[in-house]
Amino acid sequence: MAFNSVPTTRSSSSAFLACLVIFTTKSTLADIQDPTTCSSVSHGSLLDIPPEFLTCPLPMDEDSAFDTGSFSPWKRRPYCVEPAQDDTPGPQFCLYTFEPFRGDQGLSVITTPALAASMIDALDDSVVPPKYRDHPSSFSTADGQGGPAYVVKDVPKRGKGLVAQRPIRKWDVVLVDYPALLTHMDVFAAVDDESRADLLDQALQQLPKAQQNKIFSLARSTGGEPIEDVLRTNIFGVELGLEIPHSGLYPIGSRINHNCSPNVFWRYSVKTLAVEVIAMRDIEVGEEITQSYVPLGLSYKDRKEGLDNWSFTCTCSLCAASKSQRAATDKRRERLLNIYHELNDGAAGKINLTEPAVMEMTSEMESLIHDEKLEAQQLVYYGVVARAFMRIGELLAARKYVELCEDLWVRYAGDDQNYLAGMYQLRHELTEREKKAIGS
């Protein structure tokens, strides 16, 4: 079955943090294509090139690979298709496969030649830090070293899912997983049905057989061509290169079922392509591991509409509550959102706020977050509280919430510098205001 529209992806950490104002320094397309500039030299081990002769890999398509007779470090010659051109021509989309990826699990990538060149470093297992490599669920962990904290098993009325087989504490890394397939999101809209189906089929067939079996065992929900059905049901939103949206198929992570009050969230690394699944609260033995497929804090109506993309009706405790209970929850969540906007307007100078007003709204905000079990959103709210206090000159109070925000930012974003940039910006704003206060 052809995609009628761009498929909906589940949230990764980048989506989880999307509501934050994140300031990043972006590369340019010229940087990616410049053979004299590299993000690192780790890809030299893949290309068998001495460091002194190393330059960044140039973009490679089907024709250039044929002309040069080389397509290293990819293990198969790229296969490329042109987009279905209307008035504006677009870039080629090419299939690249690297079977040795992460302990011979294999990876197929459908993207542009420039973006494929920019991600060469990520193919090398040496870029994987010990915290990923040594995790019990990782590709490099030998049998008998504790094993993962979960087991894949049938969950009543929910298909297969991940269930805790030992106690998991808040902030524990439950799972480290790597993609089997990455696909540029424009492929689903810009490439004609036949060419897209051919690309996806080849992408699957070029993976190791064990990985193919894992993919075909994943849930399906829409019918039609099996690989497109699997993708529509299981992909997650990730980024490559210049924060370009791609869909990622993660064979184990895709097993995590939905709950509007989840107990885990995802953290994605552009450098390694890995996702960490992190516990948001304690998880007991026998409890299902769940994530939210839609943003946290939505009303019942908005959650229901968002979940229509996966063709199921949520029966979590929030959605199965009585009509009056759902209405009360929706009212609290609406009030929480209104507090955010009022504080944000105050921080921007659009309205005048006083210290008592900010303190009162902050206290109400914290109470609502606790009642709705939305502690994960404290990161967003603490940031706007800090800026509101800065605006009215209450710098001691602002410092308190900057520090609270920084602690949560590191918890949720990890050590990825792209995501931490927003934290640094918040600290910079406070430091500048404190300098002005001292000098005045």
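**Reading a predicted chain**

Student: How much of the accessible surface of the chain belongs to carbon and sulfur atoms?
Tutor: The accessible surface of the chain, computed by the Shrake-Rupley method with a 1.4 Å probe and with only the protein chains shown counting as cover for residues, comes to about 20600 Å². The part of this surface that belongs to carbon and sulfur atoms is 51%.

Student: What average pLDDT does the chain have?
Tutor: This is a predicted model, in which local features need pLDDT of at least 70 and side-chain atom pairs count only at pLDDT 80 or more, while totals for chains, interfaces and linings use all residues. Residues are numbered from 1 along each chain as its sequence is written, and side-chain values use heavy atoms, with hydrogens and water left out. The pLDDT, the predictor's confidence in each residue from 0 to 100, is at least 70 for 83% of the residues, and the chain average is 85.

Student: Which residues have the most contacts inside the largest nonpolar core?
Tutor: A nonpolar core is a set of buried Ala, Val, Leu, Ile, Met, Phe, Trp, Tyr and Cys residues joined through side-chain atoms within 4.5 Å, where buried means under 20% relative accessible area, exposed over 50% and partly exposed in between (1.4 Å probe, protein chains only). The largest such core has 42 residues, and those with the most contacts inside it are W74, M119, V174 and L273.

Student: Is T111 buried or exposed?
Tutor: T111 is found in strand β3, strands being DSSP runs of E with at least two residues, and helices runs of H or I with at least four, numbered from the N terminus. Its contacts (heavy atoms within 4.5 Å), leaving aside neighbours within four places in sequence, include F93, Y96 and H184. Because its relative accessible area is 0%, T111 is buried.

Student: With which side chain does the side chain of T111 make a polar contact?
Tutor: A polar contact is a pair of N or O atoms within 3.5 Å; within protein, one must be able to donate a hydrogen and the other to accept it, and residues adjacent in sequence count only if both atoms are side-chain atoms. At 2.9 Å, the partner of the T111 side chain is that of H246.

Student: How far apart are the C-alpha atoms of G241 and M119?
Tutor: G241 is found in the loop between β8 and β9, and its 40% relative accessibility makes it partly exposed. G241 and M119 are 122 residues apart along the chain, yet their C-alpha atoms are separated by 7.0 Å.
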